[in-house]
Amino acid sequence: MDRSAHGPYPHGLRPRLPSPLQPVANRQFDASGVRLLLKRDDLIHSEVPGNKWRKLVPNLSAARAAGADTLVTFGGAHSNHLRATAAAGRLLGLTTVGVVRGDELADRPLNPSLARCATDGMRLRFVDRAAYRRKADPGVLAALVEDALAGTGSSPGSAWVIPEGGSNAEAVRGCADLGEELRGAADVVAVACGTGGTLAGLAAGLGPGQRALGVAVLRGGFLTEEVRGLQHAAFGGTRGDWRVDDRFHGGGFGRTGPGLTAFADGFEREHGLRLERIYVAKLLYGLTEMVSAGEFAPGTTVAAVITGPPDPA
Ligand SMILES: *Cc1c(COP(=O)(O)O)cnc(C)c1O
């Protein structure tokens, strides 16, 4: 297995690549003379979709090269990344362990997302929020991984540890393929940012003259620093022309005010396409606000990356 768009990929993880690039006629964009394209990464794979496929597959090959038989990773109770990792583990026959933020969840019924992880064979370890927050500290991380592996038959030496959201150097290099697929196709390529790993790779893969725009879905204004750090880890320095826009998080991760919900409902009706609400709806909302405010010159082509499918109802 290699990380290029041309495979070969292990059975069960074969992608639809390059993902489709679809022009759409949108009222607000058309009125401003701006062309909107949707880059349909949500269609890459049915169980490991979107940017999660682009980030995980290079980690799976690195894990295999390191002789690992177990994947350990981290996420919140609704994490798309945990679900994708659990599915990939099942498809490849790897043990997966998910370290979940919030030890109070251990005594409650699993929500649908975690239930899906468990059905795919992921072992779930619930940890208190204070320890979870400190997992960037190498000592805390080592202890969390050791605890997580207890009873699995795996040792830390045979585990491949993937950070929260799946963003590490391998993942960022995998996302450079997304930029390469879009070379020459748009002036601006926009993506929603959680950890910033997808933006970091995308920006590196674009061609000269193309700009990458990240729309933060979390508050705090820390993403520029994160993206810079991820590019350093992946490429040894900053790459490409990119920036993060912090105006559209709507109050924080998972926050959806009435404005965002009305926008997303309207977009779905206009385009006959259901939207993932945590990331993709905020991206399209932010872009629509920007285009309506005249922030893109007429004649600009904007490609919006649809990084994942809507949540299962
Ligand atoms: C995880 C996720 C993101 C965030 O990607 P980062 O690389 O963490 O910035 C964006 N969109 C969707 C649909 C996701 O599941």
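Which residue forms a salt bridge with Arg101? Keep that in mind while you get set up: what you have open is a predicted model, and residue numbers start from 1 along the chain.

**Stop 1: Arg101 and its partner**

Select Arg101 and Glu164. These two form the salt bridge, and their closest N and O atoms are 3.7 Å apart. If you're new to this sort of pairing, here's the idea: side chains of opposite charge can pair when their charged atoms come close. Now colour the strands and helices. Arg101 sits in strand β4 (residues 95-101), while Glu164 is in the loop between β6 (159-162) and α7 (169-181), so the pair ties together parts that are 63 residues apart in sequence. Arg101 has 31% relative accessibility, so it counts as partly exposed. Glu164, at 30%, counts as partly exposed too.

**Stop 2: Glu104 and Arg129**

Next, select Glu104 and Arg129. They form a salt bridge as well, with the closest N and O atoms 2.6 Å apart. This pair also links distant parts of the chain: Glu104 is in the loop between β4 and α4 (112-119), Arg129 is in helix α5 (residues 129-133), and 25 residues separate them. Glu104 is partly exposed, with a relative accessible area of 28%. Arg129 counts as partly exposed at 40% relative accessibility.

**Stop 3: Glu268 and Arg277**

Pick out Glu268 and Arg277. Their side chains meet in a salt bridge, 3.1 Å from N to O. Is Glu268 buried or exposed? Glu268 has 18% relative accessibility, and the cut-off for buried is under 20%, so Glu268 counts as buried. Arg277, at 27%, counts as partly exposed.

**Stop 4: a network, and a neighbour to look at**

Now select four residues together: Lys39, Asp41, Arg54 and Glu181. A network of salt bridges links them. In the whole model, the count of salt bridges comes to 16.

Asp42 is buried, with a relative accessible area of 10%. Show Arg40 too: the side chains of Asp42 and Arg40 make a polar contact at 2.9 Å.

**Stop 5: the ligand**

Time to click on the ligand. Which residues come nearest to it? There are 16 residues around the ligand, and the nearest are Lys52, Lys55, Thr195, Thr198 and Thr307.

A polar side-chain atom of Lys52 is 2.7 Å from an oxygen atom of the ligand. Lys55 likewise has a polar side-chain atom 2.7 Å from a ligand oxygen. How much of the ligand does the protein bury? Taken alone, the ligand exposes 380 Å², and the protein buries 97% of that.

**Stop 6: the shell around the ligand**

Keep the ligand in view and show the residues of its shell. They divide into 10 polar, 3 nonpolar and 3 charged. For the secondary structure, highlight α2 (50-65), β7 (188-193) and α8 (197-205), each of which supplies at least two residues of the shell. The largest share, 3 residues, comes from α2.

Domain 1 (2-47 + 168-305) and domain 2 (50-166) each give at least three residues to the shell around the ligand.

How values were computed: Predicted model: local features only at pLDDT ≥ 70, side-chain atom pairs only at ≥ 80, totals over all residues. Heavy atoms only, no water. Near = heavy atom within 4 Å. Polar contact = N/O pair within 3.5 Å; in protein donor to acceptor, adjacent residues only side chain to side chain. Areas by Shrake-Rupley, 256 points an atom, 1.4 Å probe, with all protein chains shown as cover. Helix = DSSP H or I, 4+ residues; strand = E, 2+ residues; numbered from the N terminus. Nonpolar A, V, L, I, M, F, W, Y, C, P; charged D, E, K, R; others polar. Domains from an automatic or database assignment. Buried < 20%, exposed > 50% of the residue type's maximum accessible area, 1.4 Å probe, protein only.
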